[in-house]
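The notes below walk through the model topic by topic.

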Amino acid sequence: MSTIVFIDTRGEKLPKAAQEAVTYASQLAGGPVTAVTFGDAQGLETLGANGASKVIVARNVKAVDGQQLTRLVCAVTEATGATTIVCVADATGKAVAPRVAARLKAGHVAGATGLPEGGRFRRNVFSGKARAFVEVGSPVRVVSLSPNSVPITSGGSPATVEEFGGDLGAARVTVKELRKAGAGIPLPEAERVVSGGRGMKGPENWGPIEELARELNAATACSRPVADDHWRPHHEHVGQTGVAIRPNLYIAIGISGAIQHLAGVNQSKVICVINKDPEAPFFKAADYGIVGDAFEVLPKLIDAAKKLNAER
Amino acid sequence: MKILVLISQVPDTTARIAFTADNTQYDGNGVTFIVNPYDEWYALVRALELKEAAGTGSVITITVGPADTEATIRKGLAIGADEAVRVDARPEDAYQVAAEVAAYAKDKGFDLVLAGKETIDHNGGQVGAMVAELLDLPYVPLASKLEVSGGTATVERDVPGGVEVLEVALPCVLGAAKGMAEQRIPNMRGIMAARTKPLHVVPATGQAALAATVRFELPPAKGAVKLIPAEEAGKLIELLHTEAKVI
């Protein structure tokens, strides 16, 4: 049974989420995997290492028009006779996976967190406070994968790369402007995240958080009030109304742990909380905690991280 | 401008999460149900703002659900929607809901269809995109700002590393996220008016679900936090390296 995996490969290097999705697709159905993407990404043949035998790329598609991309995925699905379509549960995948499912009358599992067990896909519901098991009843299925759900495999031979030559119609969604707010590790796919809250007292105090993040090769994040007060950019806001993340390590500094914040980070594998209030509710969700003043604790963490890096 | 807003009924944000004895259904006994916050705070309020700015038009909400969703639907009317539609069916999966919404909307001439970015119970974020596909319309998820001018919607959304500004041809479907509007609290006048606003119940077309949630479970209980004295804070890094093995 052949499998299609639709990935967003924009950027200077292939995103980790794309490599995860190809790995997942190769493990899901057992047959050949055809990766489908768009734009001007280079190095697509390296997706062979993750399990793709072929990559089909629509070079002329630049913008994020879900209709064009849906037509692309469906055309390749039809050509290959694939019965499983894998996407990433990111902004692009969320515009495409449900559309493909509706177009093909295929059952859709949104945000699967691993391979199915007994034919049932596990996904998080109620903002991570429960899990649901989903069965797909249709002959064709669409599965979107939550980032950081599977370890990337490597070692296969390079994939063949073909350009898609079909007509995808005119774009009805176009990018007018992209306001960049700095580089760094994208939050949804970060394996480690260092996050600050109102306890940091002001944007001028973020230096130690950024330094710790650098030492740990982590992304920086913040709580909602911090983003709302413009101390940090909105795309760094993690929580129920911001970005939901599931890194291996989440370090929360000066964040009390409101229910809405927890909802966006409670899928983190290890949670560390640093707060001077021992009654902060976040300690109940934490694996490790330090009751102390962030401004005294952070320098000690940075020193220890530097020492560890020097020893490695 | 004629705007359709998708309204879903969900358990209150702070409600306990429990399931029936066989773990196949959410146990809603004693739980307060609300309008899904993304549908209410962002999609519905922005729709009302656009109508108010234009000085003309209408905002209609649509819900796929049984009769016990009507109290929640009236809340949408109290906030300011002109009328509401309830498709008389129990929601089974996103496709079934989207197909019912699309069947209702296809010949009504909506300029804009707004949905919340996801519901806070199922967290799927699927229905808006499926409605767009079934109606052959453009769709943008995670929209945090929306302006409409002529036949074009200008939409902003956060992307990793910045903000993307998109132009979308109308009619279109958008998934609304935080930032699109500020929450409105219904006033007494709105609550009274909601009682007399039209709530149309339409029969379902009988669309079949394509996927089924067959079981729920709660995550395993969390162990106690391991506290490290502040004066020995550096030990945390050591533990994350040697014990948790995450750095």
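Is Lys306(A) buried, partly exposed or exposed? Lys306(A) is partly exposed, as its relative accessible area is 36%; buried here means under 20% relative accessible area, exposed over 50%, and partly exposed in between, with a 1.4 Å probe and protein chains only. We will come back to this lysine below.

## Ground rules

This is a predicted model, in which local features need pLDDT of at least 70 and side-chain atom pairs count only at pLDDT 80 or more, while totals for chains, interfaces and linings use all residues. Residues are numbered from 1 along each chain as its sequence is written, chains are lettered from A and ligands numbered from 1 in the order in which they are written, and side-chain values use heavy atoms, with hydrogens and water left out.

## The interface

Let us start where the two chains meet. Chain A contributes 83 residues to the contact and chain B contributes 76 residues, contact meaning heavy atoms within 4.5 Å. Together the chains bury about 6,900 Å², with 59% of it on carbon and sulfur atoms; buried area is the accessible area (1.4 Å probe) that two parts lose on being put together, summed over both.

Nine salt bridges are counted between chain A and chain B, a salt bridge being a side-chain nitrogen of Lys or Arg within 4 Å of a carboxyl oxygen of Asp or Glu. One salt bridge pairs Glu133(B) with Arg99(A), whose closest N and O atoms are 2.7 Å apart.

## Nonpolar cores

A nonpolar core is a set of buried Ala, Val, Leu, Ile, Met, Phe, Trp, Tyr and Cys residues joined through side-chain atoms within 4.5 Å. The largest one has 55 residues, and those with the most contacts inside it include Phe6(A), Leu72(A), Leu4(B) and Val101(B). Helix 3 (residues 94-105) of chain B supplies the largest share of this core, nine residues; helices (H or I, at least four residues) and strands (E, at least two) are DSSP runs, numbered from the N terminus. A second, separate core of 37 residues includes Val173(A), Ala47(B), Ala78(B) and Ala176(B).

Leu4(B) itself, leaving aside neighbours within four places in sequence, is in contact with residues including Ile62(B), Val101(B), Tyr104(B) and Phe110(B).

## A buried glutamate and a helix end

Which helix holds Glu40(B)? Glu40(B) sits in helix 1 (residues 37-54) of chain B, and Glu40(B) is buried, with a relative accessible area of 3%. Beyond its neighbours within four places in sequence, Glu40(B) is in contact with Lys75(B), Ile79(B) and Arg184(B), among others.

In helix 2 (residues 70-79) of chain B, the buried residues include Thr72(B), Gly76(B) and Ile79(B). Gly80(B) follows that helix and has a positive phi, near 145°.

## Salt bridges within the chains

Over all chains, the structure holds 33 salt bridges. Glu210(A) pairs with Arg232(A), with closest N and O atoms 3.2 Å apart. Glu210(A) is partly exposed at 30% relative accessibility, whereas Arg232(A) is buried at 13%.

Now back to our lysine: Lys306(A) and Glu211(A) meet in a salt bridge (2.9 Å, N to O). Lys306(A) lies in helix 7 (residues 294-311) of chain A and Glu211(A) in helix 4 of chain A, so the pair ties together parts 95 residues apart in sequence. Glu211(A) is partly exposed, with a relative accessible area of 24%.

## Backbone details

A cis peptide bond joins Leu170(B) and Pro171(B), with omega about -5°. Pro171(B) belongs to the loop between strand 10 (162-169) and strand 11 (172-176) of chain B.

Lys105(A), in the loop between helix 3 (91-104) and strand 5 (107-112) of chain A, has a positive phi near 50°.
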